[in-house]
Amino acid sequence: MNLGLVGKTALVTGSTQGIGRAIAETLAKEGASVIINGRNQKRVDETASALGARGIVADLATAAGAENLLRELQETKVDILVNNAGYFEVKPLEELSDDDWYKMFELNVMSGVRLSKGLFPKMLANNWGRVIFIASEQTMKPHPHMIHYAMSKAANASIARGLAENTKGTGVTVNSVLVGPTLSEGVDVFLEKNAKREGQSLEKSKKNFFSGEAASSLIQRHLTPQEVADQVAFLASVNASGINGAAQRVDGGIVRSMV
Ligand SMILES: NC(=O)c1ccc[n+]([C@@H]2O[C@H](COP(=O)([O-])OP(=O)(O)OC[C@H]3O[C@@H](n4cnc5c(N)ncnc54)[C@H](OP(=O)(O)O)[C@@H]3O)[C@@H](O)[C@H]2O)c1
(Lines give C-alpha, C1' and ligand atoms only; values in the text may rest on other atoms or scores of the structure.)
Protein backbone atom coordinates (compact mmCIF):
# COMPACT_ATOMS: atom_id res chain seq x y z
CA MET A 1 0.00 0.00 0.00
CA ASN A 2 1.28 3.46 -0.86
CA LEU A 3 0.77 5.53 2.29
CA GLY A 4 1.06 8.82 0.41
CA LEU A 5 3.62 10.25 2.81
CA VAL A 6 6.03 11.66 0.25
CA GLY A 7 6.12 15.44 0.70
CA LYS A 8 4.71 15.24 4.24
CA THR A 9 6.74 16.33 7.28
CA ALA A 10 6.41 14.38 10.52
CA LEU A 11 7.57 15.25 14.03
CA VAL A 12 7.92 12.20 16.29
CA THR A 13 8.69 13.13 19.90
CA GLY A 14 10.94 10.89 22.00
CA SER A 15 12.32 9.10 18.96
CA THR A 16 15.94 8.23 19.75
CA GLN A 17 14.92 4.67 20.72
CA GLY A 18 12.00 2.32 21.25
CA ILE A 19 8.55 2.86 19.76
CA GLY A 20 9.29 6.46 18.75
CA ARG A 21 12.35 5.49 16.77
CA ALA A 22 10.49 2.66 15.01
CA ILE A 23 7.72 5.12 14.08
CA ALA A 24 10.25 7.68 12.80
CA GLU A 25 12.07 5.04 10.78
CA THR A 26 8.87 3.69 9.26
CA LEU A 27 7.61 7.14 8.29
CA ALA A 28 11.03 7.95 6.78
CA LYS A 29 11.00 4.70 4.76
CA GLU A 30 7.56 5.70 3.47
CA GLY A 31 9.05 8.92 2.13
CA ALA A 32 8.11 11.45 4.82
CA SER A 33 10.60 14.09 5.98
CA VAL A 34 11.05 13.18 9.60
CA ILE A 35 12.04 15.25 12.61
CA ILE A 36 13.27 13.24 15.54
CA ASN A 37 13.60 14.44 19.13
CA GLY A 38 15.15 13.49 22.44
CA ARG A 39 17.03 15.13 25.31
CA ASN A 40 20.54 14.11 24.42
CA GLN A 41 22.44 15.81 21.58
CA LYS A 42 24.63 12.80 20.74
CA ARG A 43 21.71 10.36 20.60
CA VAL A 44 19.62 12.78 18.57
CA ASP A 45 22.49 13.36 16.12
CA GLU A 46 23.16 9.63 15.73
CA THR A 47 19.49 8.79 15.18
CA ALA A 48 18.92 11.67 12.79
CA SER A 49 21.95 10.67 10.76
CA ALA A 50 20.94 6.96 10.70
CA LEU A 51 17.42 7.77 9.51
CA GLY A 52 18.25 10.65 7.19
CA ALA A 53 16.10 12.83 9.44
CA ARG A 54 16.37 16.24 11.07
CA GLY A 55 17.03 16.17 14.79
CA ILE A 56 15.93 18.63 17.46
CA VAL A 57 17.08 18.34 21.06
CA ALA A 58 14.40 19.40 23.53
CA ASP A 59 13.36 18.22 26.98
CA LEU A 60 9.60 17.97 26.57
CA ALA A 61 9.02 17.56 30.30
CA THR A 62 9.24 21.35 30.55
CA ALA A 63 7.26 24.18 29.02
CA ALA A 64 10.56 25.81 27.96
CA GLY A 65 11.59 22.63 26.11
CA ALA A 66 8.31 22.51 24.18
CA GLU A 67 8.62 26.24 23.39
CA ASN A 68 12.15 25.74 22.06
CA LEU A 69 11.01 22.89 19.84
CA LEU A 70 8.11 24.95 18.49
CA ARG A 71 10.46 27.89 17.89
CA GLU A 72 12.80 25.65 15.86
CA LEU A 73 9.80 24.62 13.78
CA GLN A 74 8.48 28.12 13.12
CA GLU A 75 9.44 27.95 9.43
CA THR A 76 8.47 24.27 9.00
CA LYS A 77 5.08 23.01 7.88
CA VAL A 78 4.52 20.03 10.16
CA ASP A 79 1.85 17.75 8.68
CA ILE A 80 2.09 14.90 11.17
CA LEU A 81 2.63 15.13 14.92
CA VAL A 82 3.22 11.92 16.84
CA ASN A 83 3.11 12.60 20.59
CA ASN A 84 5.17 9.63 21.70
CA ALA A 85 7.56 10.94 24.40
CA GLY A 86 6.63 9.40 27.70
CA TYR A 87 7.78 7.15 30.51
CA PHE A 88 6.31 4.66 32.96
CA GLU A 89 6.96 3.99 36.62
CA VAL A 90 5.81 1.21 38.91
CA LYS A 91 4.98 2.54 42.40
CA PRO A 92 2.03 1.91 44.72
CA LEU A 93 -0.21 4.85 45.59
CA GLU A 94 1.15 5.16 49.13
CA GLU A 95 4.69 5.70 47.79
CA LEU A 96 3.73 8.22 45.12
CA SER A 97 4.60 11.79 46.11
CA ASP A 98 2.80 14.82 44.68
CA ASP A 99 5.95 15.43 42.64
CA ASP A 100 5.72 11.95 41.10
CA TRP A 101 2.21 12.79 39.89
CA TYR A 102 3.19 16.22 38.54
CA LYS A 103 6.32 14.85 36.86
CA MET A 104 4.27 12.18 35.09
CA PHE A 105 1.74 14.80 34.03
CA GLU A 106 4.39 17.21 32.68
CA LEU A 107 5.92 14.78 30.20
CA ASN A 108 3.19 12.26 29.41
CA VAL A 109 0.34 14.78 29.18
CA MET A 110 1.60 18.35 28.81
CA SER A 111 4.20 17.63 26.09
CA GLY A 112 1.40 16.54 23.75
CA VAL A 113 -0.86 19.37 24.88
CA ARG A 114 1.81 22.04 24.28
CA LEU A 115 2.90 20.72 20.89
CA SER A 116 -0.70 20.26 19.74
CA LYS A 117 -1.47 23.82 20.80
CA GLY A 118 1.42 25.02 18.62
CA LEU A 119 0.91 22.80 15.57
CA PHE A 120 -2.76 21.76 15.36
CA PRO A 121 -4.13 25.22 14.40
CA LYS A 122 -1.68 25.32 11.47
CA MET A 123 -2.89 21.90 10.32
CA LEU A 124 -6.47 23.18 10.39
CA ALA A 125 -5.40 26.23 8.37
CA ASN A 126 -3.72 23.89 5.81
CA ASN A 127 -6.80 21.66 5.79
CA TRP A 128 -4.63 18.55 6.25
CA GLY A 129 -2.89 17.04 9.23
CA ARG A 130 -2.50 14.08 11.55
CA VAL A 131 -2.08 14.19 15.31
CA ILE A 132 -1.46 10.84 16.99
CA PHE A 133 -1.09 10.32 20.73
CA ILE A 134 0.72 7.20 21.89
CA ALA A 135 -1.46 6.02 24.75
CA SER A 136 -1.51 2.58 26.33
CA GLU A 137 -3.70 -0.39 27.16
CA GLN A 138 -3.60 1.21 30.61
CA THR A 139 -5.92 3.88 29.25
CA MET A 140 -8.58 1.19 29.75
CA LYS A 141 -6.89 -1.14 32.23
CA PRO A 142 -5.02 0.74 34.95
CA HIS A 143 -2.35 -1.28 36.74
CA PRO A 144 -2.84 -1.07 40.54
CA HIS A 145 0.75 0.14 41.02
CA MET A 146 0.88 2.47 38.03
CA ILE A 147 -2.17 4.65 38.62
CA HIS A 148 -0.35 7.89 37.79
CA TYR A 149 0.87 6.42 34.49
CA ALA A 150 -2.61 5.07 33.67
CA MET A 151 -4.06 8.52 34.43
CA SER A 152 -1.64 10.10 31.96
CA LYS A 153 -2.51 7.61 29.23
CA ALA A 154 -6.26 8.02 29.80
CA ALA A 155 -5.65 11.77 29.43
CA ASN A 156 -3.89 11.18 26.08
CA ALA A 157 -6.92 9.40 24.65
CA SER A 158 -9.32 11.99 26.04
CA ILE A 159 -7.30 14.92 24.67
CA ALA A 160 -7.12 13.24 21.26
CA ARG A 161 -10.89 12.82 21.15
CA GLY A 162 -11.42 16.41 22.30
CA LEU A 163 -9.06 17.77 19.66
CA ALA A 164 -10.73 15.64 17.00
CA GLU A 165 -14.03 17.36 17.85
CA ASN A 166 -12.39 20.53 16.48
CA THR A 167 -11.64 19.00 13.07
CA LYS A 168 -15.18 18.75 11.70
CA GLY A 169 -15.27 19.00 7.92
CA THR A 170 -11.48 19.35 7.53
CA GLY A 171 -8.75 17.00 6.31
CA VAL A 172 -7.22 16.85 9.79
CA THR A 173 -7.58 13.79 12.00
CA VAL A 174 -6.62 13.19 15.63
CA ASN A 175 -6.41 9.72 17.12
CA SER A 176 -4.76 7.84 19.96
CA VAL A 177 -3.16 4.42 19.83
CA LEU A 178 -3.55 2.16 22.86
CA VAL A 179 -0.29 0.25 22.87
CA GLY A 180 0.12 -2.99 24.82
CA PRO A 181 3.35 -4.26 26.46
CA THR A 182 6.10 -3.63 23.90
CA LEU A 183 9.74 -4.63 23.98
CA SER A 184 11.29 -1.20 23.66
CA GLU A 185 14.74 -0.39 25.05
CA GLY A 186 13.04 1.30 28.03
CA VAL A 187 11.02 -1.82 28.85
CA ASP A 188 14.01 -4.08 28.25
CA VAL A 189 16.01 -2.27 30.95
CA PHE A 190 13.06 -2.60 33.34
CA LEU A 191 12.66 -6.34 32.62
CA GLU A 192 16.36 -7.01 33.09
CA LYS A 193 16.30 -5.26 36.49
CA ASN A 194 13.21 -7.28 37.45
CA ALA A 195 14.80 -10.56 36.39
CA LYS A 196 17.93 -9.78 38.39
CA ARG A 197 15.87 -8.89 41.48
CA GLU A 198 13.89 -12.12 41.16
CA GLY A 199 17.08 -14.14 40.58
CA GLN A 200 15.67 -15.43 37.28
CA SER A 201 16.75 -15.45 33.68
CA LEU A 202 15.31 -12.70 31.49
CA GLU A 203 13.47 -15.29 29.39
CA LYS A 204 11.85 -16.89 32.47
CA SER A 205 10.84 -13.49 33.82
CA LYS A 206 9.20 -12.52 30.49
CA LYS A 207 7.35 -15.85 30.40
CA ASN A 208 6.09 -15.34 33.96
CA PHE A 209 4.77 -11.93 32.99
CA PHE A 210 2.44 -13.54 30.44
CA SER A 211 1.26 -16.26 32.80
CA GLY A 212 0.72 -13.73 35.60
CA GLU A 213 0.05 -10.06 35.21
CA ALA A 214 -0.36 -10.10 31.42
CA ALA A 215 -2.23 -13.42 31.27
CA SER A 216 -5.10 -11.88 29.27
CA SER A 217 -2.77 -11.10 26.34
CA LEU A 218 -3.96 -13.02 23.31
CA ILE A 219 -0.56 -12.99 21.63
CA GLN A 220 1.23 -14.09 24.85
CA ARG A 221 4.37 -12.07 24.09
CA HIS A 222 5.56 -8.50 23.96
CA LEU A 223 4.74 -6.53 20.84
CA THR A 224 7.69 -5.31 18.82
CA PRO A 225 8.11 -1.54 18.33
CA GLN A 226 7.71 -2.24 14.60
CA GLU A 227 4.23 -3.73 15.10
CA VAL A 228 3.20 -0.49 16.79
CA ALA A 229 4.96 1.66 14.18
CA ASP A 230 3.13 -0.02 11.30
CA GLN A 231 -0.24 0.91 12.80
CA VAL A 232 0.87 4.48 13.53
CA ALA A 233 2.24 4.90 10.00
CA PHE A 234 -1.12 3.83 8.62
CA LEU A 235 -2.99 6.29 10.86
CA ALA A 236 -0.58 9.01 9.68
CA SER A 237 -1.21 8.17 6.04
CA VAL A 238 -3.58 9.68 3.48
CA ASN A 239 -5.36 6.30 3.44
CA ALA A 240 -6.55 6.71 7.05
CA SER A 241 -8.74 9.73 6.25
CA GLY A 242 -11.83 7.95 7.59
CA ILE A 243 -10.42 7.33 11.05
CA ASN A 244 -10.87 10.31 13.35
CA GLY A 245 -11.41 10.65 17.09
CA ALA A 246 -10.63 6.97 17.60
CA ALA A 247 -8.67 5.15 20.28
CA GLN A 248 -7.07 2.35 18.29
CA ARG A 249 -5.82 -0.72 20.09
CA VAL A 250 -2.49 -2.33 19.23
CA ASP A 251 -2.33 -4.25 22.48
CA GLY A 252 -2.11 -7.91 21.51
CA GLY A 253 -5.68 -8.30 22.77
CA ILE A 254 -4.69 -7.80 26.41
CA VAL A 255 -7.83 -5.77 27.21
CA ARG A 256 -10.64 -8.29 27.52
CA SER A 257 -13.18 -6.45 25.43
CA MET A 258 -14.12 -6.15 21.77
CA VAL A 259 -13.96 -2.37 21.59
N1 LIG B 1 6.90 -0.01 25.78
C2 LIG B 1 5.67 -0.27 26.20
O3 LIG B 1 5.37 -1.39 26.69
C4 LIG B 1 4.59 0.76 26.05
C5 LIG B 1 3.25 0.36 26.20
C6 LIG B 1 2.26 1.32 26.07
C7 LIG B 1 2.57 2.62 25.78
N8 LIG B 1 3.88 2.99 25.63
C9 LIG B 1 4.17 4.40 25.37
O10 LIG B 1 5.00 4.51 24.22
C11 LIG B 1 5.85 5.65 24.35
C12 LIG B 1 7.29 5.23 24.11
O13 LIG B 1 7.64 4.22 25.03
P14 LIG B 1 8.97 3.34 24.87
O15 LIG B 1 8.75 2.12 25.69
O16 LIG B 1 9.34 3.23 23.45
O17 LIG B 1 10.03 4.29 25.64
P18 LIG B 1 11.61 4.25 25.74
O19 LIG B 1 12.22 3.04 25.11
O20 LIG B 1 11.95 4.54 27.16
O21 LIG B 1 12.03 5.53 24.86
C22 LIG B 1 11.62 6.82 25.25
C23 LIG B 1 12.10 7.85 24.24
O24 LIG B 1 11.63 9.15 24.68
C25 LIG B 1 12.73 10.03 24.83
N26 LIG B 1 12.45 10.89 25.98
C27 LIG B 1 12.33 10.52 27.28
N28 LIG B 1 12.09 11.60 28.04
C29 LIG B 1 12.04 12.67 27.21
C30 LIG B 1 11.82 14.05 27.40
N31 LIG B 1 11.63 14.57 28.62
N32 LIG B 1 11.82 14.87 26.32
C33 LIG B 1 12.04 14.37 25.07
N34 LIG B 1 12.26 13.06 24.84
C35 LIG B 1 12.26 12.22 25.89
C36 LIG B 1 13.96 9.12 25.03
O37 LIG B 1 15.13 9.74 24.56
P38 LIG B 1 16.26 10.36 25.52
O39 LIG B 1 16.33 9.48 26.74
O40 LIG B 1 17.47 10.33 24.66
O41 LIG B 1 15.78 11.75 25.83
C42 LIG B 1 13.59 7.95 24.09
O43 LIG B 1 13.91 8.26 22.78
C44 LIG B 1 5.57 6.24 25.74
O45 LIG B 1 4.65 7.30 25.65
C46 LIG B 1 4.95 5.07 26.48
O47 LIG B 1 4.08 5.49 27.52
C48 LIG B 1 4.89 2.10 25.77
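How many residues surround the ligand, and which are the closest? In this predicted model, 31 residues surround the ligand, and the closest are Thr 16, Asn 84, Tyr 149, Thr 182 and Ser 184. Several secondary-structure elements contribute to this shell: α1, β2, β5, α5 (147–164) and α6 (185–198) each give two or more residues. For Thr 182, the atom concerned is a backbone N or O, at 2.8 Å from an oxygen atom of the ligand. On its own the ligand has 900 Å² of accessible area, of which the protein covers 90%.

The interior of the protein was examined next. In soluble globular proteins, nonpolar side chains tend to be buried together. The largest nonpolar core here has 33 residues, and those that touch the most other members are Ile 23, Leu 27, Ile 36, Val 82, Ile 134, Val 177 and Val 232. At least two residues of this core are supplied by each of β1 (9–12), α1 (18–29), β2 (33–38), α2 (41–51), β4 (80–83), β5 (129–136), β6 (172–179) and α8 (225–236). Helix α8 provides the largest share, 6 residues. Leaving aside residues up to four places away in sequence, Ile 23 touches Val 12, Val 82, Asn 84, Ile 134, Ala 229 and Val 232.

Beyond residues up to four places away in sequence, Asn 83 touches Thr 13, Ser 111, Gly 112, Leu 115, Ser 116, Val 131, Ile 132, Phe 133 and Ile 134. Pro 142 lies 59 residues from Asn 83 along the chain, and the C-alpha atoms of the two are separated by 20 Å.

Ile 243 belongs to the loop between α8 and β7 (247–250). Although 70 residues separate Ile 243 from Thr 173 in sequence, their C-alpha atoms are 7.1 Å apart in space. Thr 173 is also one of the residues that Ile 243 touches, the others being Asn 175, Phe 234, Leu 235 and Gln 248, when residues up to four places away in sequence are not counted.

The count of salt bridges comes to 10. One of these joins the side chains of Arg 114 and Glu 106, with an N to O distance of 3.0 Å. Glu 106 has a relative accessibility of 29% and is therefore partly exposed. Another salt bridge pairs Arg 161 with Glu 165, and their closest N and O atoms are 2.5 Å apart. Arg 161 is partly exposed at 42% relative accessible area, and Glu 165 is partly exposed at 40%. In the salt bridge between Asp 251 and Arg 249, the closest N and O atoms are 3.0 Å apart. Here Asp 251 is buried, with a relative accessible area of 5%, whereas Arg 249 is partly exposed, at 25%. The cut-off for a buried residue is under 20% relative accessible area, which means that the two partners fall on either side of it. A network of salt bridges links Glu 89, Lys 91 and Asp 100.

The backbone was also considered. Most residues other than glycine have a negative phi. Asn 127, which is not a glycine, has a positive phi near 60°. This residue lies in the loop between α4 (98–126) and β5, and Asn 127 counts as partly exposed, at 43% relative accessibility. Gln 220, also not a glycine, has a positive phi of about 55°. The position of Gln 220 is in the loop between α7 (202–211) and α8. With a relative accessible area of 40%, Gln 220 is partly exposed.

Terms used
Residues are numbered from 1 along each chain as its sequence is written. This is a predicted model: local features need pLDDT of at least 70, side-chain atom pairs count only at pLDDT 80 or more; totals for chains, interfaces and linings use all residues. Side-chain values use heavy atoms; hydrogens and water are left out. A nonpolar core is a set of buried Ala, Val, Leu, Ile, Met, Phe, Trp, Tyr and Cys residues joined through side-chain atoms within 4.5 Å. Buried means under 20% relative accessible area, exposed over 50%, partly exposed in between (1.4 Å probe, protein chains only). Helices (H or I, at least four residues) and strands (E, at least two) are DSSP runs, numbered from the N terminus. Contact means heavy atoms within 4.5 Å. A salt bridge is a side-chain nitrogen of Lys or Arg within 4 Å of a carboxyl oxygen of Asp or Glu. A residue is near a molecule or strand if one of its heavy atoms lies within 4 Å of it. A polar contact is a pair of N or O atoms within 3.5 Å; within protein, one must be able to donate a hydrogen and the other to accept it, and residues adjacent in sequence count only if both atoms are side-chain atoms. Accessible areas come from the Shrake-Rupley method with a 1.4 Å probe; for residues, only the protein chains shown count as cover.
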